[in-house]
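Visitor: I keep meeting labels on models like this one. Could you show me where they come from?

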Amino acid sequence: MAPDSPTPGSLEALMSETTRLRSFAGPPAEFWPAYAALLARWIQAQRCLLVVGLPGQPNGLRKLADWSEGPSAARAAAAFLRMAPQLAVSAMESGEAAVVIEPGVLPETSHQGLAVRLRIEGSAQQAAAVLFVPHATEA
């Protein structure tokens with residue numbers, strides 16, 4: 001979505017990290033932040049929140065992980081944080097959610113909030129990855 005595509009070297013690194021996490025055997029407190037960072041790098045997001053909640057209880061959300069590329073004082077980043085809970089609930093209910101937060105600085109770009117439902121095997125909890133993607137294009 002971001003204007004620049006991953007280079008072949010970075011794609012190989014992403015694939016390698018994905019393979020490593022598929023066989024991760026450490027504690028969940030180490031897995032979830034690594035997973036959030038990997039998801040963000042795959043789509044070139046600036047921030048990734050991993051959220052869990054019980055079905056039918058949108059106010060019962062809990063953050064599993066919060067990865068950020070660094071602090072951002074941008075108005076769009078603050079708006080994303082305000083929208084994140086609703087994006088998470090929408091993704092848990094329908095599988096995915098997306099919102100254009102505001103137009104980007106570059107032509108034909110926008111700052112977007114995206115969310116996808118994640119399945120936690122063997123759990124009644126629902127989960128979602130909620131990502132902030134600045135300067136995204138429609139492609």
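This is a predicted model: local features need pLDDT of at least 70, side-chain atom pairs count only at pLDDT 80 or more; totals for chains, interfaces and linings use all residues.

Visitor: Why is Phe31 called buried?

Guide: Buried means under 20% relative accessible area. Phe31 has 18%, so Phe31 counts as buried.

Visitor: What makes Tyr35 partly exposed?

Guide: Partly exposed runs between the buried limit of 20% and the exposed limit of 50%. Tyr35 has 22% relative accessibility, so Tyr35 counts as partly exposed.

Visitor: Why are Phe31 and Tyr35 called stacked?

Guide: Ring centres must lie within 6.5 Å, and stacked planes are under 30 degrees apart. For Phe31 and Tyr35 the values are 5.5 Å and 15 degrees, so the pair is stacked.

Visitor: Why are Phe31 and Tyr35 separated by about one helical turn?

Guide: Because they are four residues apart in helix α2, residues 28–43.

Visitor: What makes the pair of Phe31 and Trp32 edge-to-face?

Guide: Edge-to-face needs planes over 60 degrees apart. Here the planes stand at 75 degrees, with centres 4.9 Å apart, so the pair is edge-to-face. Phe31, Trp32 and Tyr35 belong to one aromatic cluster, together with Phe24.

Visitor: Now the sheet. In what order do its strands lie?

Guide: The order is β2-β1-β5-β4-β3, an open sheet with antiparallel pairing.

Visitor: Why do β2 and β3 count as edges?

Guide: β2 (62–68) and β3 (96–103) each have a single partner strand, so one side of each lacks a neighbour in the sheet.

Visitor: How do you know that β3 pairs with β4?

Guide: Pairing takes at least two bridges. Seven bridges join β3 to β4, so the two strands pair.

How values were computed
Residues are numbered from 1 along each chain as its sequence is written. Side-chain values use heavy atoms; hydrogens and water are left out. Rings of Phe, Tyr and Trp (its six-membered ring) pair if their centres lie within 6.5 Å; planes under 30 degrees apart count as stacked, over 60 as edge-to-face and the rest as tilted. Buried means under 20% relative accessible area, exposed over 50%, partly exposed in between (1.4 Å probe, protein chains only).
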